[in-house]
Amino acid sequence: MKPLVLEQKIPVGISSCLLGEQVRYNGGHKRSRYCLEVLADCFSYRPYCPEVAIGLGVPREPIRLVAEGDDQPRALGTVDATVDVTDRLLEYGRQIGESSTELRGYILMKGSPSCGMERVKVYHPNGMPNTAGTGIFVRALCEANPELPVEEEARLNDPVLRDNFIARVFAYDDWKRSVEADPSYHNLIQFHSRQKYLLMAHHYQGYRELGRYLAEAHQLPLQQAMQQYIQNFMQHMAHRASRKTHTNVLMHLLGYMKKSLDPDCKQELLEGIEQYRLGQVPLVVPLALLKHYLKRYGSEYVCEQTYLNPYPHELGLRNFI
């Protein structure tokens with residue numbers, strides 16, 4: 001098993017203000033140190049500011065989401081409510097979702113009426129708070145490209161959400177390079193084979209469903225089989241892995257060596273997995289032990305599992321989950 005080494009950085013969309021670009025309504029920015037000083041080692045950013053892209057200036061009148069009853073929110077000016085940029089934001093979101101097929105992920109600005117992924121404030125027409133919703137641009141982006149991993153920059157402070165998003169970006173990049181770039185049933189099966197245990201950690205039911213699907217997929221036209229597979233795969237991967245699901249995967253991988261390990265080594269591994277399950281140590285502890293023994297006793301199939309190295313070790317993500 002080899003650590004994941006990037007041949008080139010992965011293209012990821014990002015809200016321009018997170019890169020320090022002064023494009024916010026007040027001429028300011030929301031520069032993200034984590035995106036620029038950590039993830040930039042892996043990601044090649046493609047910056048977008050939907051509000052500037054549709055012709056709004058800097059500085060500009062702020063916009064907010066407004067809805068009446070159960071209607072879909074619209075993006076209106078906060079001073080002049082006759083300023084309605086909803087349709088332009090929707091069109092731009094669809095355009096980016098359909099045309100930017102090189103993207104492997106997208107990092108969004110929290111709370112933005114155009115880019116906020118969730119919990120964006122929605123108001124009644126009279127200015128009173130209504131509910132919470134999704135930014136207009138990102139809603140259209142996700143509808144046009146439902147496989148694309150998206151996440152808010154602020155939520156990357158949560159270790160589990162951070163691991164989830166970055167694992168999805170690297171898995172989607174693997175798909176783009178190994179299957180989409182060279183379509184075949186063989187490459188589709190090989191992709192699923194090496195992603196099997198990572199998928200299991202995120203969604204066990206999805207792992208079982210896709211296994212059954214692939215058993216019959218060769219009867220479908222190749223492009224249809226691929227499209228249905230990747231849509232479902234990315235949907236299942238959006239589930240957050242937990243200590244319970246990681247423990248299940250670790251025990252499955254240990255099972256491949258149960259006839260090779262002596263009792264002391266097996267007990268050492270079991271104790272490490274149990275300490276992780278109980279929350280006494282992070283995932284990196286039992287995983288390091290497991291990988292040590294897999295180098296000696298693991299089969300080629302197990303050692304090629306993406307779960308063991310889903311992203312570069314230098315990111316240190318599994319030190320915190």
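Predicted model: local features only at pLDDT ≥ 70, side-chain atom pairs only at ≥ 80, totals over all residues.
Ile-14 has Ile-107 of S5 as its bridge partner.

A further set of pairings involves S3. S3 and S4 run antiparallel and are joined by 4 bridges; Arg-64 is bridged to Leu-76 in S4. S3 also pairs with strand S6 (residues 120-123), here in the parallel sense and over 2 bridges. For Val-66, the bridge partner in S6 is Tyr-123.

Helix H4 connects several of these elements by packing. In H4 (residues 136-144), the buried residues are Ile-136, Phe-137, Val-138, Arg-139, Ala-140 and Leu-141. The buried residues of H4 pack against strand S3 (63-66), strand S4 (74-77) and strand S5 (106-108), and also against helix H2 (50-53) and helix H3 (86-99).

Helix H10 can be checked against simple geometry. H10 (residues 263-277) has 15 residues, which at 1.5 Å a residue should span 21 Å; the end C-alpha atoms are 21 Å apart, in agreement with that value. Cys-265, Leu-269, Gly-272, Ile-273 and Tyr-276 are buried in H10. These residues cover an arc of only 95° around the axis, and therefore sit on the same side of H10. Pro-263 and Asp-264, on the other side of H10, are exposed. The partners against which the buried residues of H10 pack are helix H9 (243-255) and helix H11 (284-297).

The largest has 71 residues, and the members touching the most others are Tyr-106, Trp-175, Tyr-229, Phe-233, Leu-290 and Tyr-307. What is Trp-175 in contact with, leaving aside its neighbours within four places in sequence? The contacts of Trp-175 are Glu-180, Leu-188, Phe-191, Met-226, Tyr-229 and Ile-230. There is also a second, separate core of 24 residues, with Leu-18, Cys-42, Leu-156 and Leu-317 among them.

Conventions. Residues numbered from 1 in each chain as written. Heavy atoms only, no water. Core = buried A, V, L, I, M, F, W, Y, C linked by side-chain atoms within 4.5 Å. Buried < 20%, exposed > 50% of the residue type's maximum accessible area, 1.4 Å probe, protein only. Contact = heavy atoms within 4.5 Å. Pairing = 2+ DSSP bridges. Expected span 1.5 Å × (residues − 1). Arc of directions from axis to C-beta.
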